Amino acid sequence: MKYFMMKRVLVAIFLPIVVAYFGGAKVMTVYWVPLFFISAMLCATAYGKYVVRKNNSATVNYLNDNNDGIYLHKFNDCEIRLDKNKQEVFLKNSEGANTYSFEEIKEWSYNITYGGEVAGAGLSSIRENGKTLGQNIADTGLFIRVKDVRKPEWHIRFYPRNDSFNSRKGINDLKAQLNQWMEIFDQNLNAA
């Protein structure tokens, strides 16, 4: 319901009402098409911003803040929890969940895929950019290889905490998060 409380959405809803109230039916019959397109564009741009904010708030990081040996990352259906005391790593994504001991973790790496946008103003370029962005987000994350025949590699997804995926600030935040996790694994698993 927070989407309907965004300023752009409220303007999109109340703009036709204000024009109808002050201009009357005659003005509305003349200007209903431009008002419709203005309202639709305001709602569409607000939705994009809403999705970015929703994904920003869905990212949770707890990095041994209370000196309890727990490192945690959550984003939507993905989770990684490293427990230094139990020497375990819990991994969860859309395909399942499992807990592994430090000895069962073979290697870890990360990938950030971005770019590939199509320049243009048509609906086909907007659709292609949306597909490209979705694929980039799907290919980005932490990849953990484990000693498990049924599921030898886990993909834990990440998203920027404070900006959009296709902005420089967002990509830098992703790099920072993923480098933190690389260091967490290096310090805890290489020491074990």
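This is a predicted model: local features need pLDDT of at least 70, side-chain atom pairs count only at pLDDT 80 or more; totals for chains, interfaces and linings use all residues.
**Exercise 1.** Determine where Ser 39 lies and whether Ser 39 counts as buried or exposed.

*Solution.* Begin with the element: Ser 39 is found in helix α1, which covers residues 7-58. Next, take the relative accessible area of Ser 39, which is 10%, and compare it with the cut-off for buried, which is under 20%; Ser 39 is therefore buried. Finally, once neighbours within four places in sequence are set aside, Ser 39 is in contact with Ala 12 and Pro 16.

**Exercise 2.** Classify the aromatic pair formed by Phe 75 and Tyr 159, and work out which parts of the chain the pair ties together.

*Solution.* The structure holds six aromatic pairs, and one of them joins Phe 75 and Tyr 159, with 5.6 Å centre to centre and 10 degrees between the planes. Planes under 30 degrees apart count as stacked, and this pair is stacked. Phe 75 lies in strand β2 (residues 70-75), whereas Tyr 159 lies in the loop between β8 and α3, so the pair ties together parts that are 84 residues apart in sequence. Both Phe 75 and Tyr 159 are buried.

**Exercise 3.** Classify the pair formed by Trp 181 and Phe 185, and name the cluster to which these residues belong.

*Solution.* The ring centres of Trp 181 and Phe 185 are 6.2 Å apart and the planes stand at 50 degrees, so the pair is tilted. Because Trp 181 and Phe 185 are four residues apart in helix α3, about one helical turn separates them. Both residues are buried, and together with Trp 108 they form one aromatic cluster.

**Exercise 4.** Find which ring has Lys 151 over its face.

*Solution.* The ring is that of Trp 154, and Lys 151 lies over its face at 4.7 Å from the ring centre.

Note on methods:
Residues are numbered from 1 along each chain as its sequence is written. Side-chain values use heavy atoms; hydrogens and water are left out. Helices (H or I, at least four residues) and strands (E, at least two) are DSSP runs, numbered from the N terminus. Buried means under 20% relative accessible area, exposed over 50%, partly exposed in between (1.4 Å probe, protein chains only). Contact means heavy atoms within 4.5 Å. Rings of Phe, Tyr and Trp (its six-membered ring) pair if their centres lie within 6.5 Å; planes under 30 degrees apart count as stacked, over 60 as edge-to-face and the rest as tilted. A charge sits over a ring if NZ of Lys or CZ of Arg is within 6 Å of the ring centre and within 35 degrees of the ring normal.
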